[in-house]
Amino acid sequence: MNKTFNELMREARAVAREVWPDEAARLAASGVRLLDVREQHEWEEGHIPGALHVARGYLEMEIESVLPDRNAPVVIYCAGGVRSLLAARELKEMGYAAPMSMAGGFQLWKSEGRPWTQPRVLTPEQKRRYSRHLLIPEVGSEGQARLLASRALFIGAGGLGSSGLLYLAAAGVGTIGVVDFDTVDLSNLQRQVIHATDRVGQKKTDSAAQSVHALNPDIDVIAYDEMLTEENVDRIIEGYDVILDGTDTFETRYTLNDAAVRVGIPVVHASVFRFEGQLTVFQPYAGPCYRCLYPAPPPPELAPGCSVAGVLGVVPGTLGLLQATEAIKVLLGIGEPLVGRLLIYDALDMSFQELQLRRDPSCPACGDGAREAAAGEAATPKATVSEAAGVQATPLVARPLGRIG
Amino acid sequence: MLRAQAEGNKQVEVDGATVGDVMHGLVERFPGLGEQLLASDGSLNRFVNVYLNDQDIRYLQELRTPVSATDTVVILPAMAGGA
């Protein structure tokens, strides 16, 4: 028996309810999923925010993984309301209880002035360069576009900064700031893999930029050939989505911390000593800050520099890479960043240990009093889209044998 | 730095009913640690963080926090190393 197109449409209308855009909007607001069944290029030119996308040619193949609950209602739309009706008929046949079709389609939705969005689109070369990211569901082209629009600031292009810089550049973090006043020294090359023998004497920011661009010319590197101080910290950190702390003095860490808390920028903190490292993420107000953890610095004689104590080259490399990992998680908004947790790494016995950190309500930088004062100045937490070193002392573990008496 | 004062040990066993007992027991055994950990009045230096298992004792009962045979007291001095 032959069925005409019109008969198919009649059948579709008999099994699937049509809804106008205003009802579709109300349903979406109440939690009903929208499903866009147009072609990829139509989707890229603009779609309804929050909609799922399965092109009609892939509908039967993909719908069960995209919408596993057959009982959940869904509003399907296309450009004008025809493909969506036919798609609704197909879903009904597959056992979906309540597929609806938006009459008038995306064209009517847009002409009624309703909100729509365009995904950030990658160039063909970017799709190739970042293909291994695009294949990961938690990243995809939206995530990669987010990274490309993100801004990460490195305080220090040294032991910790080196590996972090290389990997964030590889990952496509679009803007990378580098704060370092120093020049490349031969003794750096035992661990600072972003530099090179033929760059000894060069500014570290220049050397870092060179390596970053050789790996990924897409990256915009902003150099700050200065030491971070109270005078310049606010100017330097402004506008960044995440800061990676590769500093080497208590003073700089406190300066950085207080400024980052003031403007709500998360700081991925790490430190190393000989065979050990520590790592955490300071997310202002959501978790502790540096001052919550260390309200007071030790006297200088208890924290001799790395040039005195030494450090195994791979250790800052490892910690720097872990910092970059946390930074990417923060930028993408995925996984569980180390907020409120301190990771302690010991390379000698290859152990990882975690301590729980808490925000101190009486902290002078991020405690309740400080927060009220900051709110009074209308500072709002920023949403993320996206050597001479001191020394890290070894955690010493004392295990009690039992109660006395 | 602490390890050097504890004869190179990362982990030692010390008797004690409270974290404070354990700390003092530790310093008795390794007097060199006293300078790093304790102030002149015997209290903990402000820059020294002590954890019972994975919890900061500041949020428990400070040095009066009771300990049991299966507990671990972790000493984490503040550090600045970064390059």
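Helices (H or I, at least four residues) and strands (E, at least two) are DSSP runs, numbered from the N terminus. With that in hand, select the loop between β11 and α14 (290–293) of chain A, where you'll find A:Tyr285.

Before going on, some housekeeping. This is a predicted model: local features need pLDDT of at least 70, side-chain atom pairs count only at pLDDT 80 or more, and totals for chains, interfaces and linings use all residues. Residues are numbered from 1 along each chain as its sequence is written, while chains are lettered from A and ligands numbered from 1 in the order in which they are written.

Most residues other than glycine have a negative phi. Is A:Tyr285 buried, exposed or partly exposed? Partly exposed, with 16 C-beta neighbours inside 10 Å. (Buried takes 20 or more other C-beta atoms within 10 Å of a residue's own, exposed 12 or fewer, and partly exposed lies in between; C-beta atoms are placed from the backbone.)

Now click on A:Arg274, in the loop between β10 (267–273) and β11 (276–282) of chain A. Its phi is near 55°, again positive in a residue other than glycine. A:Arg274 is buried, with 20 other C-beta atoms within 10 Å.

**The cores**

A nonpolar core here is a set of buried Ala, Val, Leu, Ile, Met, Phe, Trp, Tyr and Cys residues joined through C-beta atoms within 7 Å. The largest one has 90 residues, and those touching the most other members include A:Phe154, A:Leu165 and A:Ile243. Highlight helix α16 (residues 314–332) of chain A next: with nine residues, it gives the most to this core. A separate second core has 25 residues, among them A:Ala16, A:Ile76 and A:Leu86.

**A helix pair**

Finish with helix α10 (residues 159–171) and helix α11 (residues 204–215), both of chain A. They pack at an angle of about 35°, axes 9 Å apart.

Definitions and conventions: Axes are lines fitted to C-alpha atoms, for helices over the stretch in contact, and angles run from 0 to 180 degrees between N-to-C directions.
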